[in-house]
Amino acid sequence: MNTLYLAIAAALVVRSLLASRLDRWYLGAPLVMVLAGVAAGLFIEDSISAVLNTQAVQQVAEIILAVLLFTDATEVRGGRLWGSSPGSVARLLLIALPLSLGLAMVLGWALFPGLSWPVLLLIAGVVMPIDFAPAERLVRDRAVPARVRSVVNVESGYNDGIVSPLFLFALILAGDHDQHRTPLAALGTVVPFALKAVVAGVVIGALLAWLMDRAQRRNWMTGQSSRVAVLLAPLLTYTVTVGIDGNGFVASFVCGIAFRYVHRQAQAHFLRSAPAERRTGGLVLGPDLRLLEDVTALLTTVMWFMVGVSAVLIVSLGVSWQVLLFCALALTLARVLPVLLSLAGSEFSPRERLLVGVLGPRGTTSIVFGLLAFNRLPEGGTADTILAITVTCVLGSVLLHGAGAEPAKRFLREPGTAVSERGLRPAEAP
């Protein structure tokens, strides 16, 4: 483990020193850290499986997921399901996402007939949540229509929070080391866990936002202490919720939503009621998220390093054609078809609907889910298959949504538009 920690630290330092130059060469953090992980994995190839199965890796993965869920809920642009395109995000989350999970299970059943339905649900939960970590430029790329960027960004902020309880339910049924349950018993475990999580998340998130708002209005807090308080919110929520036998992931996600909502309400009330000359206090969420954003970015790069290490193990075990085909279909058909169905009749044009479906990168959420499944399932066949699918799907997404994003945008661009440095503009006559 010490060798692995040293390799992670060294890779992070090199990436930090060369970040601007590497970005200009289109070598983003995910690709650089994957390559560093592969290099490190070659030196510890014989012990990779043992390292990934340690309690420390499991706990780190759980904490990272809790922080990511909180960050998604507080930072997502638009913040609400209805956004600028009425009902579009709700359609994607409540119609397209369940259809995608079901279609992924069907594809898994066809390609891996020996796997049980809980394992198929587990795999679907790993490969279907979208995350823009491997293709962050897409969210800011003005060549992509603004409402497309807005919808997929809000969707990516919420879908992992929706999938996480289903993932944990499937993990219990699939043979978690610590819990063996029938479907009814597993449901009886998950539902109370989720209810406790919702209560804990709402209480902690709302209370913390209210206390921070009051403290900042009285100038009791510094900028640094505000940033630290926000960073501690998901850690506190996760720890407290697990301590009362609740779902820490759901609690962290709900905490982020409650924190953001109470903050906005407090700010709106303060701006309405306070005289203009006194409007200098109150909770300003943007600056307070900076430390959380930096820590989240750091944790995300660590996960990409682990993908590279895991890739060495997967190559040594061998990647079957079934895994390759499943991941190819999961990245394309299982995403695009449900999106097209869910957005039928919406204000999106046919090309925009297809673009929403195509822009569905997989990233940190899939990595964390895959590592948790590999760690908590019995060693051997099923765990190895899930890890192979996770690594193949994520690396495939880096290629498809990284190198393949530009051709897709050009192909799906609406007729009569051209791309300039400022984004889309009407095509000029020759």
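The model is predicted, with local features requiring pLDDT of at least 70 and side-chain atom pairs pLDDT 80 or more, whereas totals for chains, interfaces and linings use all residues. Residues are numbered from 1 along each chain as its sequence is written, and side-chain values use heavy atoms, without hydrogens or water.

The protein chain contains 20 helices and two strands, taken as DSSP runs (helices H or I, at least four residues; strands E, at least two) numbered from the N terminus. Of its 430 residues, 52% are buried (under 20% relative accessible area, 1.4 Å probe, protein chains only). Among contacts (heavy atoms within 4.5 Å) between residues at least 6 apart in sequence, 80% join residues at least 24 apart.

Because 13 of the 13 residues of α18 are buried, the helix is largely enclosed by the rest of the structure.

Five aromatic pairs were counted (Phe, Tyr or six-membered Trp ring centres within 6.5 Å; stacked if the planes are under 30 degrees apart). One of them, F167 with F369, is stacked, at 4.3 Å centre to centre and 15° between the planes. F167 lies in helix α9 (residues 146-174) and F369 in α18, so the pair ties together parts 202 residues apart in sequence. Both F167 and F369 are buried.

Note on methods:
Buried means under 20% relative accessible area, exposed over 50%, partly exposed in between (1.4 Å probe, protein chains only). Rings of Phe, Tyr and Trp (its six-membered ring) pair if their centres lie within 6.5 Å; planes under 30 degrees apart count as stacked, over 60 as edge-to-face and the rest as tilted.
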